[in-house]
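We will go from the whole chain to single side chains.

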Amino acid sequence: MLRLTERRKELTQRFYLLAASQVTANVGFVLYTMAVTSYIKENTGSTVLASMITMTSLLARLLSGLSVPLLADTYKSIHIMRSVQVMQIGMLVGLYVLLTQEFTVTVLTMGFIIVGIISFFNGFFSIFKTSVVRSLVNDSQRMQANSLLSTIDQTFLFAGWSLGGFVLSLTGSTQSLFITAGLLSISFVCLLFIKETHTYKQTQKRRAAKLMEGWRFLWIHKRIRAFVIMDIIESLFGTIWIGAITLSFVKEVLEKGEAWWGYINGAYYFGSIVGGIIVYRMSSMVKGRLLLFMFAGSLGYAVLTGFYGLVTNPYLALVLLIMMGPAYQLRDVAQETIYQNICSNGMLPKVIEAKSTLVQAVFILSIAFVGTVADLFGVRFVYLFSSFMLLLTALIGMAGLMYNKHSIEIDKTPAERRGGI
């Protein structure tokens, strides 16, 4: 009994080390993104070139996801996470040296290449983190662990985006890269004290078969396939929250200036923090009804998005954004727990990679689509149409999954399912 208590305490310590590693890495990535974007804007005066930082990062993360299946069968997730942090730190040092040179087209080109490399390695971190959480936390505490991790992360991201501009004004764009490198170094040190309990089995499958395993899993399992379809549709309209659309809504509908653009972003993150806390408190009730609460969150988020598109009062808009947090977090955390319950440690990174690749590809394509719709029909229509599509998707997905309710068991832990993957 004493040994079991000590083991639980050890796993708890490892989980908090993982949380600290994720927080420092993500806050560092926020500061780095702001620094590079600011540098390009200052030296080129081009908003288009500055916005290409986000596009470059998305494309690089998309490419990194494609190689996940090959790594998942060869190396432990924690080893991969350590390696990518080292690579990112090295690239940040190189980027700092580059940006201290006289600005030229060559410097700009090399800068985008390094940004792509950093984002490529960063893409591995979030995918394999999910697998490490599954390894460190027992089945009964998984929902609680996911909600706690999300709450901690959102809290520090809120602080990072809020204070990032202040840090940049004090240190400058290039010097801020040193702070990012320091944060990633802390992240790396935290990872050194984490040991996975899962033992990975080497497979003899061909490379092509390994690459397709996650995709095959998504296609075979009807409920997982439905989740992914819902994610794809949601990502198609997820660009309603990118900077250009949000700023247009603030100016055209709320009739406010850039300051309220910051308030809107802050309310969104604050709502996510509140949502994470609520889901954490509800975790014992939610974990046995994951599917039900996931759809409740999806429906709530869709309805609130519609109300947000109708408002003209800026203060009411802030309230609605805060209310979206619990709905979105409930949906997001429940779905992540479902993936962890269904998939083994070896399969989980491959499934997350396949899903992330599809979602990110659609998100990239939707940037131009949503912008065009906003120009043609107005920014208010974008939010109302998105709300309708999200609501329709949630209802159809719920009906389809309930019809196939015996396809797989998602509210049971792997220990309760015999013969599952």
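Among contacts in the chain between residues at least 6 apart in sequence, what percentage join residues at least 24 apart? The figure is 87%, where contact means heavy atoms within 4.5 Å. Before you click further, note that this is a predicted model, in which local features need pLDDT of at least 70 and side-chain atom pairs count only at pLDDT 80 or more, while totals for chains, interfaces and linings use all residues. Residues are numbered from 1 along each chain as its sequence is written, and side-chain values use heavy atoms, with hydrogens and water left out.

**Whole chain.** Switch to a cartoon view: the chain has 15 helices and zero strands. Both are DSSP runs numbered from the N terminus (helices are H or I, at least four residues; strands are E, at least two). Now colour by accessibility. Of the 421 residues, 51% count as buried; that means under 20% relative accessible area, with exposed over 50% and partly exposed in between (1.4 Å probe, protein chains only). The chain exposes about 19500 Å², and carbon and sulfur atoms supply 67% of this area, computed by the Shrake-Rupley method with a 1.4 Å probe.

**Ser 119.** Select Ser 119 in helix α5 (residues 105-136). Its relative accessibility is 0%, so Ser 119 counts as buried. Show its contacts beyond four places in sequence, and you will find Phe 29, Tyr 32, Ser 57, Ala 60 and Arg 61.

**Leu 148.** Move on to helix α6 (residues 142-171), which holds Leu 148. Leu 148 is buried, at a relative accessible area of 17%. Outside four places in sequence, Leu 148 touches Phe 15, Tyr 16 and Tyr 280. Draw a C-alpha to C-alpha distance to Tyr 280: 5.9 Å in space, for 132 residues in sequence.

**Aromatic rings.** Next, show the Phe, Tyr and Trp rings. Rings pair if their centres lie within 6.5 Å, using the six-membered ring of Trp; planes under 30 degrees apart count as stacked, over 60 as edge-to-face and the rest as tilted. The count comes to 16 aromatic pairs. Zoom in on Trp 260 and Tyr 263: their centres are 5.2 Å apart and their planes at 80°, so this pair is edge-to-face. Trp 260 is buried at 10% relative accessibility, whereas Tyr 263 is partly exposed at 46%.

Now select Tyr 308 and Tyr 383, another edge-to-face pair, with centres 5.2 Å apart and planes at 65°. Tyr 308 and Tyr 383 are both buried.

For a last stop, highlight Phe 120, Phe 121, Phe 124 and Phe 128, which form one aromatic cluster.
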